[in-house]
Amino acid sequence: MKRIFSGVQPTGNLHLGNYLGAIRNFVRLQSDFDCIFCVVDLHALTLWQEPEELRRHTREVTAAFLAAGVDPKSNIIFNQSQVRAHAELAWIFNCVARIGWLNRMTQFKEKAGKNRENASAGLYVYPNLMAADILAYKATHVPVGDDQRQHLELCRDIAQKFNHDYGVDFFPIIEPQILGSATRVMSLRDGSRKMSKSEASDMSRINMTDGADEIARKLRKATTDPDLLPGPEVLGEDGALPEETRRARPEAYNLLGIYAALADEDWTAVLTRFEGKGFGDFKKALVELAVAKVGPIGDEMKRLTADTGAVDAVLREGAERARAISEPILQECQDIVGLLRP
Ligand code: AMP
Ligand code: TRP
């Protein structure tokens, strides 16, 4: 059976990258798969969070799932800390994963920065907790943005080593689902940096709760280059955008990729439409599209976030259903490794 698991951290400033790289794909996958979507509050703790803000952001991410169209009845939506299997399985995986593996994680290096000695131990073992999230449900498919590729590779390594060391065929080897034309949305100010929740300048990202005026202002000010827009001849034979082409004009292709994803069109269609146009015309069309697609989701998020009772009820019910799946898997795993359950 195919089962989907994915998580989003409640760290504030949910942005267009989160939507196009992850949440929108959740909505598309929900009709074909058994899906579990998690607000990963334990992961958020790896960097400092104000307690009241963490609670607010946990509800906000839940509201974003709902506003984007994830159905809480046919899928499971819950927050990680309410299901014990995550933290308990993560401990077992801390003892399976090797320090050498974790030392290769580029996200740790980015997030820890120069002062690595001062990073939390949680930030270091973060990928082990992520593997536990997925494998506590024996999920097989994991939709994420491109930046999570390495973490998912580690999840496969952990499952493989566990199965090998204990001589079992217990944990599945997952398949990453990195889908769509905007798997890596870049900053609006600097095409070499990823759009990110933690970037100091709010002008670098479109937040899911931004109003029409903010969306328009940010896109109008987005960095571009002096050339006209290219036509479909820049694409490879497979219709994809070659990496070296993207690298030559990162800001232009970032905006075009955002357009393609929001319009649900492929590269050929978008490049044909805007071939030879200047950024002025293109940005006008992009603003209109972004306001039409993001605006209603942001409005619904704000409405839901104010209704804490309804959001909390979704999380409570989701956690109960998540426990029913993960508890027997955790117990069987404990039996495999020899933890006595008297
Ligand atoms: P996070 O906010 O780190 O919890 O990320 C939640 C989801 O959004 C993950 O699947 C990420 O891979 C995805 N994501 C985050 N930033 C971007 C981005 N700039 N472009 C595409 N996907 C992203
Ligand atoms: N690490 C992911 C991110 O920052 C969030 C996450 C936590 C996750 N656990 C997960 C994603 C399990 C997919 C599956 O984006």
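**Conventions.** I number residues from 1 along each chain as its sequence is written, with chains lettered from A and ligands numbered from 1 in the order in which they are written. The model is predicted, so I kept to its rules: local features need pLDDT of at least 70, side-chain atom pairs count only at pLDDT 80 or more, totals for chains, interfaces and linings use all residues, and side-chain values use heavy atoms, with hydrogens and water left out.

**Ligand 1, shell.** I looked up the residues with a heavy atom within 4 Å of the ligand. There are 18 around ligand 1, and the closest are Gln-9, Gly-145, Asp-147, Val-185 and Lys-197. I sorted the shell by class (nonpolar: Ala, Val, Leu, Ile, Met, Phe, Trp, Tyr, Cys and Pro; charged: Asp, Glu, Lys and Arg; polar: the others, Gly among them). The shell of ligand 1 has 6 nonpolar, 8 polar and 4 charged residues. Helix α1 (residues 16-29) gives the largest share, 4 residues; helices here are DSSP runs of H or I with at least four residues, strands are runs of E with at least two, and both are numbered from the N terminus.

I listed N or O pairs within 3.5 Å. An oxygen atom of ligand 1 is 2.8 Å from a backbone N or O atom of Gly-145. On its own ligand 1 has 490 Å² of accessible area, of which the protein covers 92% (Shrake-Rupley method, 1.4 Å probe).

**Ligand 2, shell.** I count 13 residues around ligand 2, with Gln-9, Tyr-126, Met-130, Asp-133 and Gln-148 nearest. They divide into 7 nonpolar, 5 polar and 1 charged.

**Ligand 2, polar contacts.** The side chains of Tyr-126 and Asp-133 each place a polar atom 2.6 Å from a nitrogen atom of ligand 2. A polar side-chain atom of Gln-9 is 3.1 Å from an oxygen atom of ligand 2. The protein buries 91% of the 370 Å² that ligand 2 exposes alone.

**Pocket.** I checked where the ligands sit, asking for more than half of the atoms within 2 Å of the grid points. Ligand 1 sits in the largest pocket, and ligand 2 sits in the largest pocket. A pocket is an open set of points on a 1 Å grid over the protein atoms alone, where a 1.4 Å probe fits, with protein on both sides within 12 Å along at least five of seven lines.

**Salt bridges.** I found 23, each a side-chain nitrogen of Lys or Arg within 4 Å of a carboxyl oxygen of Asp or Glu. One of them joins Arg-28 to Asp-264, with the closest N and O atoms 2.8 Å apart. Arg-28 is in helix α1 and Asp-264 in the loop between α11 (250-263) and α12 (267-274), so the pair links distant parts of the chain, 236 residues apart.

Terms used. Polar contact = N/O pair within 3.5 Å; in protein donor to acceptor, adjacent residues only side chain to side chain. 1 Å grid on protein atoms, 1.4 Å probe; cavity = no way out; pocket = protein on both sides within 12 Å on 5 of 7 lines; lining within 4 Å.
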